[in-house]
Amino acid sequence: AVTALGEDSLDTLLARADLGEILKHHVLNGELPSSALESGTAYTTLQGSSVMFNSGTPSTVDIAEVSTPDLFATNGVIHAVSEVLLPNSIEGVLALSPDLSTILEVVRRAGGLVTELDWRNAGKLHTLLAPTNDAFTEYFTASSTSLEALLDREDLEDFVKYHILPGKVTSEFLESADDTTMHNTLHAWGTLTATQPGGVLTLGGVPVDTPDVIAGNGLVHKLGGVLTPPAPTQPPAATMNLVEKAADLGLTSLVAAVEAAGLKATFEGSDKYTIFAPSNAAFAAAVTALGEADLAAVLAREDLGEILKFHVLQGQVLTDTVEMKAYVTLQGASLEIARGGEGALVSGSEVAEFDQMASNGVIHVLEKVILPPSCAAVAAATPELSTLVEALAAASLTSVFEWTNGGRLHTVFAPTDAAFTAYFAAEGIADKAALLAREDLAEILKYHVVSGKIPSATLADGTIATLSTDTATLTLATADGVVTVNGDTATTGRVACGNGEIFLLAGVLSPAAGGAGGAATTSR
């Protein structure tokens with residue numbers, strides 16, 4: 001399958017946006033052992049396409065042999081097959097549809113676009129708006145042209161791109177959208193609106209005769225007419241900066257947040273940015289997700305800037321240049337862009353509006369506020385911090401490092417599991433259970449935490465206050481790029497998190513008994 005799909009390795013295959021479609025093509029609803037499968041019968045898969053079963057020695061599903069049937073599980077049955085099954089690609093659907101032979105010929109002539117519609121397209125999902133043969137005949141007559149003339153056009157590729165929507169865009173989605181919503185095509189500056197005059201779905205004024213013809217890598221909507229691409233002229237240059245454009249789009253909550261976080265000047269400047277901008281409804285939903293009472297409380301949070309910067313990329317990323325991969329944000333964490341059912345997903349959020357151009361970048365409107373992993377989540381996902389994670393839970397401190405902590409930022413000097421093991425021996429602590437039972441556990445842990453986010457680049461010699469109720473301080477020193485804490489405990493690495501910073505420590509720090517700001521001890 002790696003070769004058949006044009007991939008280099010299994011890893012790239014597993015990263016494909018259409019992987020779910022491929023897998024669902026291997027699944028039938030219900031439990032069907034081999035004795036219940038009827039030979040010569042086409043079965044509809046969860047993906048929507050069909051597979052043909054034929055009994056024999058061996059039995060086959062399409063072209064694949066059933067190598068091991070009837071592997072029963074508690075919730076179904078598995079039949080192992082010899083090959084990966086692929087439903088018909090969009091190109092395959094065209095080839096099997098006699099009434100779409102003209103658009104197939106046009107697609108195959110249009111440079112490399114046929115690859116965009118087959119399985120060699122790196123996993124992208126598309127929706128083809130396919131004029132029928134009758135629609136092309138009427139078009140040729142009305143425009144006094146011919147198929148041969150169309151195939152010879154220099155802009156043939158743009159012509160075809162205007163008939164392709166990115167993503168798997170169902171007729172239900174098009175019918176549910178407002179009739180002013182602009183749907184992007186693969187054409188450089190071509191968009192379409194969906195309307196329903198008299199209850200008939202139209203795209204760009206052309207009726208959809210047969211919607212939702214299922215393909216393995218997208219959908220085909222059969223059109224009763226041919227779409228005419230816009231004239232090949234660039235759109236007027238954007239004159240509004242990103243802040244002004246956000247206001248023009250009605251993103252009042254975002255504009256207020258940008259001002260509250262002190263980022264307005266950044267997005268009014270000449271440097272270009274890509275903003276994945278949460279809608280007003282998204283900000284309203286974030287109030288609850290962040291544990292706040294209202295939007296004003298969200299705008300007053302210390303971590304607001306971190307949240308906003310997680311929605312921003314350096315440079316300008318448009319839909320026709322975006323790659324399905326992780327992008328590093330201004331916050332430092334990465335967000336993931338992937339193909340969704342109706343278009344792109346940004347860290348799980350659907351994109352409501354694409355390519356809203358500004359003079360210094362572009363805005364894509366999101367349907368929810370996205371959050372990078374909190375320090376609590378990052379620590380839990382870091383294997384060498386398992387003891388610390390258990391200790392935080394035992395001391396009821398985990399919530400301090402979650403997004404519902406009231407917006408506070410923290411810097412954590414986090415002892416590794418190896419550091420705790422050495423600490424047990426040095427302090428005569430029997431085991432981890434004994435540590436977790438200590439009455440002063442919370443104070444020990446809070447002595448490793450500093451208020452605010454201190455990036456590694458700004459760690460400097462000096463003392464800093466901790467969360468310890470004894471107001472004990474830490475003494476930091478830097479030499480040759482190595483940071484030590486309290487004289488001899490070197491940081492062994494940094495783990496980025498959304499609401500702070502985590503530095504791994506080779507030792508456990510202990511506040512001095514009885515004194516604010518007093519000397520501290522270290523066990524390694």
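**The second largest pocket**

Author: Start with the lining. In this predicted model, 21 residues line the second largest pocket. His26, Val27, Leu28, Val77 and His79 lie nearest its centre. Two elements each give two or more residues to this lining: strand 2, residues 50-54, and strand 5, residues 76-81. Strand 5 supplies the largest share, with five residues. Val77 and His79 fall within the 76-81 range of strand 5. The space in the second largest pocket comes to about 480 Å³.

The protein chain has 524 residues, and 46% of them are buried. Its secondary structure comprises 20 helices and 28 strands. The C-alpha trace spans about 95 × 65 × 45 Å along its principal axes.

Contacts come next. Take those with a separation of 6 or more in the protein chain: residues 24 or more positions apart account for 60% of them.

The protein chain exposes about 23600 Å². Carbon and sulfur atoms supply 53% of that area. Among the side chains, 25 are positive and 62 are negative. The centres of these two sets lie 4 Å apart.

To find it in the model, go to His26, Val27 and Leu28, which are among the residues nearest its centre. Then turn to strand 5, the source of the largest share of the lining.

Methods: Residues are numbered from 1 along each chain as its sequence is written. This is a predicted model: local features need pLDDT of at least 70, side-chain atom pairs count only at pLDDT 80 or more; totals for chains, interfaces and linings use all residues. Side-chain values use heavy atoms; hydrogens and water are left out. Helices (H or I, at least four residues) and strands (E, at least two) are DSSP runs, numbered from the N terminus. Buried means under 20% relative accessible area, exposed over 50%, partly exposed in between (1.4 Å probe, protein chains only). Contact means heavy atoms within 4.5 Å. Accessible areas come from the Shrake-Rupley method with a 1.4 Å probe; for residues, only the protein chains shown count as cover. Lys and Arg count as positive and Asp and Glu as negative; His and the chain ends are not counted. The place of a charge is taken as NZ of Lys, CZ of Arg, CG of Asp or CD of Glu. On a 1 Å grid over the protein atoms alone, a cavity is a set of points where a 1.4 Å probe fits but cannot get out, and a pocket is an open set with protein on both sides within 12 Å along at least five of seven lines; lining residues have an atom within 4 Å of a point. Grid points are joined across faces, edges and corners, and a volume is the space filled by probe spheres set on the points.
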